[in-house]
Amino acid sequence: MRATARVLVYSDDAGTREQVRLAAGRRPAADLPPVEFLECATLPAVLSELDAGGVDVCVLDGEAVPAGGMGVCRQIKDEIFRCPPVLLLMGRPQDAWLATWSRADAAVTLPVDPVQFADTLAGLLRTRLSLDA
């Protein structure tokens, strides 16, 4: 097992980034390595981290301003070779069709439900880490 799993969290709102960190905890599931969070508040920071490599999962805030997570997701799916799985944070459950349009691998609503979020993140991490093994 790897020493850590790297999760990129994009939101212009520090409170949303904190919700994600608290919901995931140090380890979203017992069978996964501890999580290292890479926090980004701007699109250029997201692209820089992804270009550097080593990101296992991206958590993108669909409500972020000025670049919303749905548009960012679609962009990175087109531009990043072997793009990591994306977990999209949506403001309303009715926006699930937009998550599909953005090509997100999973979506949850805000505010973050800790149990649902940790389970969804763990599933994406398991898939990504098993592919990298």
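Reply: A residue is called buried when its relative accessible area is under 20%, exposed when it is over 50%, and partly exposed in between, using a 1.4 Å probe and protein chains only. This is a predicted model, in which local features need pLDDT of at least 70 and side-chain atom pairs count only at pLDDT 80 or more, while totals for chains, interfaces and linings use all residues. Residues are numbered from 1 along each chain as its sequence is written, and side-chain values use heavy atoms, with hydrogens and water left out.

Me: Good. Is R17 buried or exposed?

Reply: R17 counts as buried, because its relative accessibility is 13%.

Me: What does R17 form a salt bridge with?

Reply: With E39, where the closest N and O atoms are 2.9 Å apart. These two are 22 residues apart and link distant parts of the chain, with E39 in strand β2 (residues 35-40) and R17 in helix α1 (residues 14-24). A salt bridge here is a side-chain nitrogen of Lys or Arg within 4 Å of a carboxyl oxygen of Asp or Glu. Helices (H or I, at least four residues) and strands (E, at least two) are DSSP runs, numbered from the N terminus. E39 is partly exposed, at 39% relative accessible area.

Me: Which residues are linked in a network with R17?

Reply: R17, R21 and E39 are joined in a network of salt bridges.

Me: And how many salt bridges are there in the whole structure?

Reply: A search of the whole structure gives seven. Among them is the one between D105 and K77, with the closest N and O atoms 2.7 Å apart. That pair also links distant parts of the chain, 28 residues apart: D105 sits in the loop between α4 (96-102) and β5 (106-109), and K77 in helix α3 (residues 69-79). Both partners are partly exposed, D105 at 42% and K77 at 22%.

Me: What does R103 meet in a salt bridge?

Reply: The side chain of R103 meets that of D78, at 2.7 Å from N to O. R103 is in the loop between α4 and β5 and D78 is in helix α3, 25 residues apart, another link between distant parts of the chain. R103 is partly exposed at 33%, whereas D78 counts as exposed at 52%.

Me: Switching topic: where does S102 sit, and what is it in contact with?

Reply: S102 is in helix α4 and counts as buried, since its relative accessibility is 0%. Leaving aside neighbours within four places in sequence, S102 is in contact (heavy atoms within 4.5 Å) with M70, C73, R74, K77 and L88.

Me: Now D61. Which annotation covers it?

Reply: The UniProt record, an unreviewed entry, carries "modified residue: 4-aspartylphosphate" at D61. UniProt positions are in the numbering used here, feature names are shortened, and annotations may be inferred rather than shown by experiment.

Me: Where does D61 lie, and what does it touch?

Reply: D61 lies in strand β3 (residues 57-61) and counts as buried because its relative accessibility is 3%. Not counting residues up to four places away in sequence, D61 touches Y10, S11, D12, T16, G68, G69, L89 and L110. A polar atom of the D61 side chain also lies 2.8 Å from the backbone nitrogen of E63.

Me: Which residue does D61 stand opposite?

Reply: L89, in β4. Four bridges join β3 to β4, and the strands run parallel; strands pair if DSSP finds at least two bridges between them.

Me: How many of the residues of β4 are buried?

Reply: Five of the five, so β4 is largely enclosed by the rest of the structure. V86, L88 and M90 point one way from β4, while L87 and L89 point the other way.

Me: Last one: how far apart are the end C-alpha atoms of α5?

Reply: They are 26 Å apart, which agrees with the 27 Å that the 19 residues of α5 (residues 114-132) should span at 1.5 Å a residue. That expected span is 1.5 Å times one less than the number of residues. The buried residues of α5 include F117, L121 and L125, and its buried residues pack against β1 (5-10), α1, β2, β3, β4 (86-90) and β5.

How values were computed
A polar contact is a pair of N or O atoms within 3.5 Å; within protein, one must be able to donate a hydrogen and the other to accept it, and residues adjacent in sequence count only if both atoms are side-chain atoms.
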